[in-house]
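The report below describes selected features of a single model. Please consult the sequence and the coordinates alongside the text.

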Amino acid sequence: MKTRLLLALLVLPAWSQAQTFTLDQALATARTSRQALVSAQLDAESAALTARGLGSYPALTLGVGQSDREGLGATDQDLFVSLPVDLFGKVSASKNLGRAQTRIAEAQRRQTLLTIQTEVLIAYFEAVAAARLKHVADGHLQVVDALHQATVRRLEEGTVAELQVTRSSIELARARQAVATRGASALAAWKRVEAATGADLASQAPDLGASLAAPKVDLALHPNIMVLAAQVSQAEAERDHAQREGMPELELVGLRTPWREPESAYGLRLQLTWRGLDFGRSRNEQAAASKRRGALQAALRDATSQAEANLAALDIEIEDAGKRLVALQAIRDSASVLVAKSQQGFTQGYGTLLDVLEATRALREIEQEREEAQLAVNLAVAAKYEAAGRLIEVPE
């Protein structure tokens, strides 16, 4: 335990003097370093290529063959070229299906971006709060150390009892312990920032003044809403595709006379083919796609309603945390004045050690509450970005 605390005390001075690593830098680093984004990007590219394949025109077919006995097998198809003609829009239906799948993959990539952004925001703001709480502990230690020195001096002057020195020594030891604990917490919080960004940030430190303005809300850009909307389009495309699959097939065929014919001749054939009976397959596929479309539309309406309610709740939390922060700042200013006056009174001999200790402890608690309120504001804003599905624009 002592070794861990000593390590924290030795490392933190160097860490606190490290180069500032801003929130924008953290977000930009995560977008280039996190392998989850690489995976999502590859999935989106794969979906785009699949969509291109689905939207491609039917392939040109070349057939060549010969039988070992006359009258066996193909005759006028010993050599042929076949080209399907998309007269009934089957290619268009497949293309719409591919576009819907691409939109789903892109929305899922955006969801991955949003998830990583939320992880970075939470980790970064918690690291900022931990570092600021470390500074609160440092300030408290300076006050307690000065108080201890003043108590020792007054003991030497014979104006206080030795018991007062013992008490100030205990408070000094507690303050040092608090500094070590806060230091370890700050280092641990920064490690979580490294995990969220996917980068080694050992020589970096957070921006202690980092903050974030509340986002503009457009739920149409929320990844979950985008996925559901794209799935509705996909269901519509599937219904259209199932309907067109039952349509006739038109084919243009170029033929050559059989190999055994003494003279070669070439011609064209237009072939129309349709399904006579599919035992209800097309009808059931269309009905299933329609049901799925209805289910997804209901899910889309529900998701939108839930997102709107969540955003309204977050607005209340942000407003309350902001008011609490302002109030605590005013209280902190008054408590700071009280500490200065009580410390001055004790040094000049007309105040008591208990007065200074109580005022100092109260100031530390108020400063801790202020930092917790600031963290609550930042986390609530981060939650609103997630609830709104808003991605933060950062420099490349």
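## Tyr124 and its surroundings

In this predicted model, Tyr124 is in contact with Phe21, Thr22, Leu23, Ala26, Trp190, Val193, Pro206, Asp207 and Ala210, once its neighbours within four places in sequence are set aside. Two of these partners, Trp190 and Val193, fall within the range of helix α5, residues 162–197.

## The largest nonpolar core

Tyr124 also belongs to the largest nonpolar core, which has 38 residues; together with Leu121 and Leu212, Tyr124 touches the most other members. Helices α2 (23–33), α4 (90–157), α5, α7 (281–348) and α8 (353–388) each contribute at least two residues to this core. The greatest contribution comes from α4, with twelve residues.

## Gln117 in helix α4

A polar atom of the Gln117 side chain lies 2.9 Å from the backbone oxygen of Arg390. Neighbours within four places in sequence aside, the residues in contact with Gln117 are Leu27, Arg31, Tyr385, Arg390, Leu391 and Ile392. Among these, Leu27 and Arg31 lie in the range given for α2, and Tyr385 in that given for α8.

## Helix α5

Helix α5 spans residues 162–197 and comprises 36 residues. The distance from its first C-alpha to its last is 53 Å, close to the 52 Å expected at 1.5 Å a residue. Gly198 follows α5 and has a positive phi, near 70°.

## The four-stranded sheet

The model also contains an open sheet of four strands, ordered β2-β3-β5-β6 and paired in the antiparallel sense. Strands β2 (61–64) and β6 (266–273) form the edges, each pairing on one side only. On average, neighbouring strands of this sheet are turned by 20° against each other, with direction ignored.

How many bridges join β2 to β3? There are four, between β2 and the antiparallel strand β3, residues 79–85. Phe80 of β3 is the bridge partner of Gly63, and Ser82 of β3 is that of Thr61. Strand β3 also pairs with β5, residues 249–256, through six bridges in the antiparallel sense. In that region, Val85 stands opposite Leu250 of β5.

Note on methods: Residues are numbered from 1 along each chain as its sequence is written. This is a predicted model: local features need pLDDT of at least 70, side-chain atom pairs count only at pLDDT 80 or more; totals for chains, interfaces and linings use all residues. Side-chain values use heavy atoms; hydrogens and water are left out. The expected span of a helix is 1.5 Å times one less than its number of residues. Two strands pair if DSSP finds at least two bridges between them. Axes are lines fitted to C-alpha atoms, for helices over the stretch in contact, and angles run from 0 to 180 degrees between N-to-C directions. A nonpolar core is a set of buried Ala, Val, Leu, Ile, Met, Phe, Trp, Tyr and Cys residues joined through side-chain atoms within 4.5 Å. Buried means under 20% relative accessible area, exposed over 50%, partly exposed in between (1.4 Å probe, protein chains only). Contact means heavy atoms within 4.5 Å. A polar contact is a pair of N or O atoms within 3.5 Å; within protein, one must be able to donate a hydrogen and the other to accept it, and residues adjacent in sequence count only if both atoms are side-chain atoms.
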